[in-house]
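Dear colleague,

Please find below the structure that I am handing over to you. My notes on it follow directly after.

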Amino acid sequence: MGLVLVNGSKWGGERVCVCRRLGAYIRFQYLFHHFSNKRPWLFFHRFYQLISLPLLLPLLTTQTKPRTTLYYSLLIINIAMAIDCITTMHPIMPQPSNQEIKEQDQHPLVFDASVLRHQLHIPSQFIWPDEEKACLDEPELQIPFIDLGGFLSGDPLAATEASRLVGEACQKHGFFLVVNHGIDRQLISDAHLYMDNFFSLPLSHKQRAQRMPGEHCGYASSFTARFSSKLPWKETLSFQYSACNNSPTLVKDYLCDKMGTEFQQFGNVYQDYCEAMSNLSLGIMELLGMSLGVGRAYFREFFEENNSIMRLNYYPPCQKPDLTLGTGPHCDPTSLTILHQDQVGGLQVCVDNEWHSIKPAFNAFVVNVGDTFMALSNGRYKSCLHRAVVNRETTRKSLAFFLCPRSDKVVSPPCELVDKMSPRLYPDFTWPMLLEFTQKHYRADMKTLEAFTNWLQRKSTHSNFIT
Ligand SMILES: O=C(O)CCC(=O)C(=O)O
């Protein structure tokens with residue numbers, strides 16, 4: 001009844017209309033603020049509101065018709081900004097106070113990507129020393145792709161040419177790019193897709209596969225449990241692969257065991273992916289054997305029953321990408337790495353003491369020599385120094401397969417590679433010894449092999465002294 005009376009008068013109708021519009025506008029602004037609060041472009045948002053509100057208010061509070069284009073434009077921009085905030089669903093990210101920053105720096109931190117990706121102040125543990133900081137856009141390295149098509153289909157001339165190119169690259173910097181490698185495109189896409197699924201799970205779910213101190217398999221967020229400085233801005237999931245006949249489902253079983261039976265398909269994808277990587281690396285071992293003059297079969301047989309490691313690298317955006325690194329500069333302690341990076345870019349390799357970025361190409365794998373193969377080749381082939389940078393806007397992913405020998409294989413160069421002119425550079429060792437060194441005693445960097453060699457020599461002197 002009251003409503004009819006108010007509506008009955010000209011003034012009353014106008015007031016209700018104005019109040020409704022103002023009410024809607026205030027509710028809308030509240031929601032907008034709620035969802036956009038503390039986002040990086042908040043300054044723009046505040047500035048916009050500052051100027052839009054005085055312009056909108058008179059228009060909202062009058063019945064002037066027709067409404068101006070300005071009114072509609074401002075309203076549409078406002079709505080669009082709100083929709084963007086709501087649909088992207090960024091949680092509210094308050095920036096820490098100075099006190100909180102101090103506390104964060106004192107307590108062991110948890111790398112929760114969903115939180116850290118928005119923080120303008122990154123914890124000091126992620127800030128790398130100036131001399132190791134990276135330039136985000138190093139010049140691209142211009143190197144040709146090595147086409148494996150002819151070699152894989154059995155063409156001997158193509159094999160000779162591919163081995164020549166591989167040998168040249170390994171002597172120079174220890175890394176090359178291969179195309180026509182025979183790996184199914186769908187398998188590569190699936191491997192990336194399932195990575196997205198895994199890493200977008202809540203932290204507590206990912207932690208079902210938590211990597212334990214001293215272990216090299218499992219989910220690790222930035223290795224926070226192991227190190228307290230120069231932390232990499234990334235999350236990883238690593239697992240063991242075995243090419244031995246008695247372990248055909250090792251990857252799948254591990255992932256299902258840690259994550260639950262609903263991860264069956266996830267496990268299948270990475271089981272297949274590892275198998276494909278193992279086969280490809282055995283092919284590359286043939287080329288490496290040819291190029292080193294020890295025959296096509298030598299290294300293939302050495303790695304036939306490899307006990308390798310697969311690692312999924314997930315690099316969330318970082319608001320201070322120039323202060324940190326996704327992966328610090330290092331040489332892989334393993335034998336050979338086959339890496340597939342997504343289209344974002346971030347991998348950098350060091351060639352002749354200069355850093356270069358490696359442009360992503362979906363159809364190419366990045367292959368690099370690691371410390372174990374450097375030792376096997378008696379130092380003829382270089383373990384490649386590389387790192388990965390992060391960026392402000394986009395998550396980056398890479399899939400790294402690290403070929404490693406079966407645990408009882410002795411890493412010792414073939415006699416063809418040792419002579420008076422090229423004496424032995426490294427002592428004999430097994431892969432588990434080097435793995436233990438990097439897990440318990442030394443953080444892999446560009447000098448791992450040198451440090452490991454010294455450590456082995458000190459150990460053997462010490463044990464000789466005791467006996
Ligand atoms: O993500 C990359 O491009 C490099 C990864 C890497 O170097 C590693 O996992 O050891």
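Apart from neighbours within four places in sequence, V367 is in contact with F175, F176, V178, I284, L336, T337 and I338; two residues are in contact if their C-beta atoms, placed from the backbone, lie within 7 Å. Please note that this is a predicted model, in which local features need pLDDT of at least 70, side-chain atom pairs count only at pLDDT 80 or more, and totals for chains, interfaces and linings use all residues. Residues are numbered from 1 along each chain as its sequence is written.

V367 and Y270 have the most contacts inside the largest nonpolar core, which has 90 residues. Such a core is a set of buried Ala, Val, Leu, Ile, Met, Phe, Trp, Tyr and Cys residues joined through C-beta atoms within 7 Å. A residue is buried if 20 or more other C-beta atoms lie within 10 Å of its own, exposed if 12 or fewer, and partly exposed in between, with C-beta atoms placed from the backbone. The element that gives the most to this core is helix α12 (residues 264–292), with 13 residues. Helices (H or I, at least four residues) and strands (E, at least two) are DSSP runs, numbered from the N terminus.

Helix α12 has 29 residues and reaches 42 Å from its first C-alpha to its last, close to the 42 Å expected at 1.5 Å a residue; the expected span is 1.5 Å times one less than the number of residues. Just after α12, G293 takes a positive phi of about 75 degrees.

**The sheet**

Eight strands form an open sheet of mixed pairing, in the order β1-β2-β10-β7-β12-β5-β4-β3. Two strands pair if DSSP finds at least two bridges between them. Strands β1 (146–147) and β3 stand at the edges with a single partner strand each, so one side of each is left without a neighbour in the sheet.

The bridge partner of A220 in β4 is T236.

Strand β4 is also joined to β5 by eight bridges, again antiparallel. Here S238 has R311 in β5 as its bridge partner, and Q240 stands opposite I309 in β5. Seven bridges join β5 to β12 in the antiparallel sense, with R311 opposite A400 in β12. Eight of the nine residues of β5 are buried, so this strand is largely enclosed by the rest of the structure.

**Around the ligand**

R311 and A400 also belong to the shell around the ligand, together with N313, T327, D332, L339, Q341, G346, L347, H386, A388 and S398. A residue is near a molecule if its C-beta atom, placed from the backbone, lies within 6 Å of it. The elements that give two or more residues to this shell are β5 (307–315), β7 (336–341), β11 (386–388) and β12 (396–403).

**Two loop residues**

N180 has a positive phi of about 50 degrees although it is not a glycine, and its place is in the loop between β2 (175–179) and α9 (185–199). N180 is partly exposed, with 16 other C-beta atoms within 10 Å. N378, also not a glycine, has a positive phi of about 55 degrees and lies in the loop between α14 (371–376) and β11. N378 counts as buried, with 20 C-beta neighbours inside 10 Å.

With kind regards
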